[in-house]
Every structure is written in C-alpha cells, then in structure tokens.
Amino acid sequence: MASPGSIKRIVAASLIGTTIEWYDFFLYGTAAALVFNKLFFPTTDPLTGTLIAFITYAIGFLARPLGGVVFGHFGDKVGRKKLLVVSLLMMGGATFAMGLLPTYAAVGVGAPVLLTLLRLVQGFALGGEWGGAVLIVSEHGGDRHRGFWASWPQSGAPGGNLLATGVLAVLAAVQSDAAFLAWGWRIPFLLSGVLVVVGLWIRLSVSESPVFLAAQARARAEAARGVREKAPVVQVLRRSRLQVLTAMGTRFGENISYYVLTSFLLVYVTTHLGLPKSTALNAVLIGSAVHFLAIPAWGALSDRIGRRPVTLIGSVGMALWAFGFFALVDSESFPVITAAVTAGLLLHGAMYGPQAAFISEMFDTGVRYSGASMGSQLASVFAGAPAPVIAVELLKDYDSSVPVSLYLCAAALVTTLTVLLARETRGRDLAGTGPTASAPGRTGRLPAETTPDPV
C-alpha cells in the first residue's frame, strides 16, 4: 500500500492525464454536433450532416477494444506507467493534428477521410488509457479505500468534458458564428499540444504499481523454472470470460446514458428545440462540474456499502429519469435544462464512481490490464459508440424524445440486471493471484483468493 502522500500524487497524475485524454476525445464529440457536420460533412439536411458526423464519432469507439488489447498486453508485460505515457502522446498528437486539417471546401473528400483516421488513433489511445489509469491507482491503494481513490481517474471524464465544453463555450461567446466556423474551432484542438506536455511531465513522476512489480517477479521466477506464460489476452479469454461480460454489462447503461445526456443533448437542444448552442453547452458545463465532484463521493460510498448497491442506485434511477429528463429539457428553460442534465449526471456518477474499483477487482494481476480494458472497451463499441447515432436516428424518424427515453431506459435496465447477478468485490486483495468469479446469488464480500493462477 502506498503512503498517503504517495497515493495522492499518483491519483493526481492519473486524474490530470485522464482529464487531458478525455478532453481530446470529448472535444471531437462536441465538435461533431456543432462544427464537423458543416465543415467536413456538409449536406442540405442539418440532422443528416450531424448523423454522418456522429458515425465518424462512433468509428473512434471501434478502435478502442483493439487499443485495449494491445495496451493491455504490454501493460501486463512491461508495466502500467510506460503504456500510460504512450497513450497520452498518441491521443494528444491526433487531437493537435485535427486542429490543422483542411476542410471539405478546401480538399474535398480527403478532409473527412483524414479526420476519420485521426479519430481512429484517438480511439486506439483511449482504449489503453482507461485500464492503465485506474489500475495504477487501484494497485497502489489499500483495500479499504480503493473505491474512493480509484474513482478519481473516473472524474477525468467529466473533467475532460468540462474542459472541452468550457473552451468551446468561451469561444462561442466571444466569437461570431462565422468566425467560430472559419477558424475559432481549431483553437481547442491545438491547445491539446500544451496540455499533453503538462500531462507528460506529471505522469513521468509517478512510480510503477508495486502489485504489478510483484507479479512481474513471480512471472520471471516461473519462466526461470521453464513454465511457459500464455499471452494475457489468451488467459482472459480462457479463464475470465464471465468477468469480461460482467464488466461489459456494468458499463452498458452507464456508457449510453452519458453520451445521450451530453453529446446528443447538444443536437436535441439546437436542432429539435431551436435554442442557441450556448444553452446546451452551459447546461453541460454546470452539470459536469457537479458530476466531477459526485464521482469520488459515490466511490467513497461504495467502500462503505459495496460496489453493487451504489451502482444499482444509478442504474435504477437512470431507468426512471430517462423519461423525466426530456420532459424537463422540452421546457426550453435554461435553469430547468441545467437541473435535468445535472440530475442525470449525478445518477450516472453512481454507476461510474464505483466502476474503476469494481472492474479492477474482477481480474487477477497478471491479466488485470487486459481483462479490465477488454470488458470496458468492448462495452464502448456496443453501447457508447452507437448511442448518439441511434438517438439522432430515433429523433429523425419519430420527431419525438419518447423513443430516445425508451432506449435510455432499456440500457439502464441491462446494467441493473448485470449487477444484480454479479458478485460483490469490495474488500478484495488485489495482490491475490486467482480470478474473481461473477456468479448469480453470490453477493457477499469476497474472501482472499485461493485459486492458484501462475503468471
């Protein structure tokens, strides 16, 4: 277990790094709703252009499982810290390059092609980021407060969204729409280069996970005795398939709800309700600030009452809030819209806060980076990636928010069912060497692991 001062430094390094990477990733989503549909995918129908922009947004998610597998493999082999540095450089480089791209009016079809390729690089990098960031905190911290400490890197998601939305909101406020479309939108992307330098300096200052170093020493001892080690991804697929599915189900409702509450909201408010984009941007801005603080609070609560009960508060609450959310947004009142977004993000935080510890505790050290990344990133492909596309298509086809509410409710119920069937993991010793099973009816705290699992 790391000292209090050490764990705070490690948490700060992970939080700042994840905030920067999520800033880069969310910047694309926000720009897809406000800018890319006009500059890179121009069509006569605004919703069609937005739909195409969101499809390229979803393409970034397709690269995330591949990034999770590659980064997970090397993260389980050579360490968490090295791979976190690589993911930060890849993400920042791709985002900076987006700020330099020519538009469709300048080079034609080459513009969206280049944009899509850079989006794939973003997705690949983020696929490896999440697992490493939460694991290096989880494995440094002790068992009693893991939910709290590990939830701080999770706050990097609203932190990044807060930063991306805030920068765009400031630019939208001080620039005319013509100036913003002409060149102002490039500033947040180019700013990523400065942020990466800061994040890199901080990340290089942290130490490698002691739990990983101990597992690495065991692996070397096994290798010296002639025991052949299988690739981590092979071990996960052979021994931990149920845990991967549990991780996916746990993330399903959380992932979809977040992108509906943030990215799709921008489209709904500006295109369907005809309100200024600042209304949605500022509502998300305020909601993200509350969300940022709520996530570690939910994580701390999961240390007291368990990962499952806190997650269920969020998933059941979201299934119900799916209908009240759009009813409030339809009021077209900025305070009411802000309250609707904030309440939704608070419920999302209940699912998201315990998630880092919950998923980390499902896997053995030797395959933890691979297993956690696979479960998390595969969920993003089936849940987060198509969420804005499906929501926009439902709105386009039915001209109503009711189908979107049903979609959001169904997603939250998937997570509810998964967590009800899962085993509680609070209190697990991460230095153990056996996999944690997720099984129906097993809801008590886990004992120390006893199943041998050579790494």
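Two exercises on this predicted model follow, each with a worked solution.

The model is predicted, so local features need pLDDT of at least 70 and side-chain atom pairs count only at pLDDT 80 or more, while totals for chains, interfaces and linings use all residues. Residues are numbered from 1 along each chain as its sequence is written, and side-chain values use heavy atoms, with hydrogens and water left out.

**Exercise 1.** Find which residues make the nonpolar surface patch of about 460 Å², and which helix gives the largest share of the patch.

Solution. Begin with the members, which are Tyr104, Val109, Val113, Leu114 and Leu117. Next, the largest share, three residues, comes from helix α5, residues 110–140. Finally, leucine 117, which is placed in helix α5, is partly exposed at a relative accessible area of 48%, where partly exposed lies between buried (under 20%) and exposed (over 50%), with a 1.4 Å probe and protein chains only.

**Exercise 2.** Locate glutamate 332 and aspartate 399, and state the phi of glutamate 332 and of aspartate 399.

Solution. Glutamate 332 is found in the loop between α14 (307–329) and α15 (334–352), and has a positive phi of about 65° although it is not a glycine; its relative accessibility of 43% counts as partly exposed. Aspartate 399 lies in the loop between α18 (387–398) and α19 (402–421), with a positive phi near 50°, again in a residue other than glycine, and aspartate 399 is exposed at 56% relative accessible area.

Note on methods. Patches are made of residues with over 30% relative accessible area and no salt bridge: like charges are joined within 9 Å, nonpolar side chains (Val, Leu, Ile, Met, Phe, Trp, Tyr) within 5 Å. Accessible areas come from the Shrake-Rupley method with a 1.4 Å probe; for residues, only the protein chains shown count as cover. A salt bridge is a side-chain nitrogen of Lys or Arg within 4 Å of a carboxyl oxygen of Asp or Glu. Helices (H or I, at least four residues) and strands (E, at least two) are DSSP runs, numbered from the N terminus.
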